[in-house]
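Hello again, and welcome to my notebook. Have the viewer open while you read along.

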Amino acid sequence: MSLAKEETSGQSRILLRAEDVWKSYDEGAIAVLRGVNLEAAEGETVALCGPSGCGKSTLLHLFGALDAPDSGRVTVNGVEVNRRRNLLRLLRHEVGIVFQLHNLIPDLTLQENCLIPTVAAGIDHHTALARLHQLAERTGLANRLGHRIQKLSGGERQRTALCRALMNKPKILLADEPTGSLDERSGGAVFELLLDLVATEGVTLLMATHDRSLARQCDRQLEMHDGRLHEPASA
Amino acid sequence: MIFLKLIVTNLLRHRIRSFISIAGIAFSVAAMLTVVTILQGAIGMFSGILSSDSEIIVFERNVSDLFFSNVPAAAVNEIAGWPMVSHADPVLFGIVSSADHPIITCFGVTAADARIRKATWIAGDKRAFAQHPDDVVLGERAAEFLSAKLDDHVPIGHGVFHVIGIVKTANGFEDGGVFMPLDSAQNFFHKQGTSSVITIKLRSKDDAASFKSRVKAAFPNLVGLEDAEFTRSYSQFKILKATAWAVGGCGLLLGGLGVANTMIMSVFTRIREIAILRVCGFSNTQIAAMIFGESAVVSMLGAASGLLAGTCLLCVLKLVPALHGYVDVTIQPVVMLIVILLALLTGIAGALYPAIYAMCIRAVEALRFE
């Protein structure tokens, strides 16, 4: 089954593409992805819904080059990610990742955490700082830059993780249950911010979530069951 | 800056562990510095004995130790008569023991020897030297540990000797030694008609090469070496130097294991954090650089502390009367450089496995790691 973006104009560029992707663990004993096909166009927001263990995170990891498929092709911005030499460029410039847990380094400040991707990519400090201030203003973290992570609330931590993911101006944002560790109110605020940033930055969003109300705010919702993708019946 | 901050933060996160590693390297460096400096000082002292008012030393070819060298008196007489030679002084080395001191170095010398002529006589008159066969002159420290004064009779080895003078020298071996008339020493050590070495003062240093050639031609069983050549080639010195570096090296190896342990623990306890860095685009090289950076900081702090501690220790040792003249606090720059390089190499070697381990961390698995 191919769940491709319906191209209303011939100019929509496909940034994420999975073609007949299979992935299993424990030497094939646990099949997680079974012939997944997916396309997401530039600037599109796509929500992946489904129960725990259905393969949402695994698919995100494949697009983020954190894992490799057993078979099939995964391409990001036209480049196959299975090839090792593409991985660094992908992680530094093409893709930003936000996890359910913020995954920030606790002993560093908010500013230092956000600057890590720029250090990895060799972006000069002044340019990086300017970008950080811009993002911090928009995420309401401008007055928290010098604070250590332990001093931040859950929502602030997740907003910091969002800033970090967008620091190098990626074309794609992969979000794995970005509000999953937050209460409803904080989660809603973070998601609103995420959508706002994605829209203004022109980023393609692929988000795994349990929360259907959040998923409905995306351009497309896809259901994942038993390692396969489906269009939701109600969509 | 963030990269450096990551390095410093990681070290500060486990302060005690980092401190123990730094201390391990510091102790190793201090031990190496102290042992090498003391032994080099001792070698310098021994060389100093031989080069006292002389440029060349003649001794028996292929002996492992100068105490076993036998140079016939005929050779001394002939060499002393060569026109290029200003003076040739035979010296016989011997080791004796007294009641409380297992090793006392004896120098059998003539009255014309520079050691007698140039020493500072604290007691006695140098003109009295070698007038009687049982007369001895004691170095200042030897007089101290033998509790001997001028005109005392002291038991040394199997004999009793009359102290006719006490001299002060800057050389630890000489200061702790006993000077005997050459003939007496030859009888005492059953080496009649021989000396251990001849120390040679040339009229011109330019004659050194021709002098050595002439020794080789006239006395095939003897060899003449300039002081620097002797210090470089004397097997005992080589053994001492090798021992010093080996002892210090073992210390550094232990320090290196400490660094390895710290770095391994450091990597194991932040697998998730390394995975985050990977997700943020850190390459293998950047991950390894961070680990090696931490290790280098530990090594360098350890080396600096060790150099400081070693220098202080040497200063303290210099104040110990028993070590007077043996300890030279002057640390040679080359020794310092080698010690720092060895500490750095130790640190890098200690970080090798942790760095490889860190490079092999797969982000997707590590992010599930708790």
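These are my entries, one topic at a time.

**Ground rules.** I am working with a predicted model, in which local features need pLDDT of at least 70 and side-chain atom pairs count only at pLDDT 80 or more, while totals for chains, interfaces and linings use all residues. I number residues from 1 along each chain as its sequence is written, with chains lettered from A and ligands numbered from 1 in the order in which they are written.

**Confidence.** I looked up pLDDT, the predictor's confidence in each residue, from 0 to 100. Chain A has a mean of 86, and 91% of its residues reach 70 or more. My helices (H or I, at least four residues) and strands (E, at least two) are DSSP runs, numbered from the N terminus.

**Sheet in chain A.** I traced an open sheet of 4 strands in the order β2-β1-β4-β5, with antiparallel pairing; strands pair if DSSP finds at least two bridges between them. Its edge strands are β2 (30-41) and β5 (79-80) of chain A, each pairing on one side only. Strand β4 (residues 71-76) of chain A joins β5(A) over 2 bridges, and A:Thr75 stands opposite A:Glu80. Helix α1 (residues 56-63) of chain A packs on this sheet, touching β1 (14-25), β2 and β4 of chain A, and its direction makes about 125° with that of β1(A). Angles run from 0 to 180 degrees between N-to-C directions, and axes are lines fitted to C-alpha atoms, for helices over the stretch in contact.

**Domains of chain B.** The domain assignment (automatic or from a database) gives domain 1 (2-45 + 237-366) and domain 2 (62-220). I noted 45 Å between their C-alpha centres.

**Helix pair in chain B.** I found α10 (residues 235-268) and α12 (residues 284-319) of chain B packed at about 145°, axes 11 Å apart. Among the residues making the contact are B:Gly255 and B:Val259 of α10(B), and B:Ile291 and B:Glu294 of α12(B). By class, this contact has 5 nonpolar, 6 polar and 1 charged residues. I count Ala, Val, Leu, Ile, Met, Phe, Trp, Tyr, Cys and Pro as nonpolar, Asp, Glu, Lys and Arg as charged, and the others, Gly among them, as polar.

**Between the chains.** I counted residues in contact if their C-beta atoms, placed from the backbone, lie within 7 Å. On that basis, 18 residues of chain B meet 20 of chain A. α1(B) gives the most to chain B's side, with 5 residues.

Technical notes
Two residues are in contact if their C-beta atoms, placed from the backbone, lie within 7 Å.
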